[in-house]
Structures are given as C-alpha cells and as structure tokens.
Amino acid sequence: MEIQADAVVLGRNIKSIRKSQHRTQEDLTFDAEISVKMLSEYENGKREMSSQVLFKIADALMVSVDELVPDRLKKPEEETSPEEDTLLTMFRQLNAADKEMLLGMAKRLSTSVA
C-alpha cells in the first residue's frame, strides 16, 4: 500500500515541479528520453518508476532526486554538535597534505579507543 502511495506522491512532485517550470510533458519527456505515456503514468501514480528513470527525470528538471521523492523515503539529517561543526569548518580550511595527516591521526585514535 505504501509503495503505491509513494508513486502517487512522486508523480505529484514531478508534475508540480514540471508545471512550475512552465514545461509541457512533451518537453520533459524529450529531455528525460522517456515516452509521454510513461510520464503521464508516472505523474498519475499509475506506474512504478525505476531509479534510472528517476535520475533522468531529476536531471531533465534540473533538481535533486531528494526534491522528487516522498519525505518518508528521505534519510533524516543527523544533528551535529557545535564541536563537530567547528571541526568540519576547520578541516575544510586545511590543505590536502594536512587533511591527510589529520585523517591518519584520527584513524589511529579511533583504533586505540576500540
């Protein structure tokens, strides 16, 4: 039952984004290399979509797959602590050699703890 409901939500999302871009089904199907009939069935939740087609449609709409899939299928974002955010910011500012050295140190520390 949920799979069918997911197909309906996915189809609605595709249709909504397509219409917000003022694109026709024909235009989108040309860019996504699928038939108009297939797109119509997807948009109406009457056909299950392969991941390959999903990626083609997302590319043709120039959106991420995340913008198309139902919320319940999205991986919840993990909360990070202020310390983790600070470490990530600092890590991004390092040059490649320093990043490699720091990663080596972190690996040694993590194995000594385990």
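Author: In helix H3, which spans residues 36-43, the buried residues are Met38, Leu39, Tyr42 and Glu43. This is a predicted model, in which local features need pLDDT of at least 70, side-chain atom pairs count only at pLDDT 80 or more, and totals for chains, interfaces and linings use all residues. Residues are numbered from 1 along each chain as its sequence is written, and side-chain values use heavy atoms, with hydrogens and water left out.

Reader: Why are Met38, Leu39, Tyr42 and Glu43 called buried, and what puts them on the same side of H3?

Author: Buried means under 20% relative accessible area, with exposed over 50% and partly exposed in between, for a 1.4 Å probe and protein chains only; Met38, Leu39, Tyr42 and Glu43 are buried in that sense. They lie on the same side of H3 because they cover an arc of only 130° around the axis, the arc being that of the directions from the helix axis to the C-beta atoms.

Reader: Which residues of H2 are buried, and what makes them lie on the same side of H2?

Author: In H2 they are Gln25, Leu28, Thr29 and Ala32. They share a side of H2 because their arc around the axis is only 100°. Helices here are DSSP runs of H or I with at least four residues, strands are runs of E with at least two, and both are numbered from the N terminus.

Reader: What makes the pair Gln25 and Glu43 a polar contact?

Author: A polar contact is a pair of N or O atoms within 3.5 Å; within protein, one must be able to donate a hydrogen and the other to accept it, and residues adjacent in sequence count only if both atoms are side-chain atoms. The side chains of Gln25 and Glu43 are joined at 2.9 Å, and therefore the pair is called a polar contact.

Reader: How do you know that H2 meets H4, and which residues take part?

Author: Contact means heavy atoms within 4.5 Å, and by that rule Leu28, Asp31 and Ala32 in H2 meet Lys56, Ile57, Ala60 and Leu61 in H4. The contact holds five nonpolar, no polar and two charged residues, where Ala, Val, Leu, Ile, Met, Phe, Trp, Tyr, Cys and Pro count as nonpolar, Asp, Glu, Lys and Arg as charged, and the others, Gly among them, as polar.

Reader: How many helices and strands does the protein chain have?

Author: The protein chain has six helices and zero strands, and buried residues make up 25% of its 114 residues.
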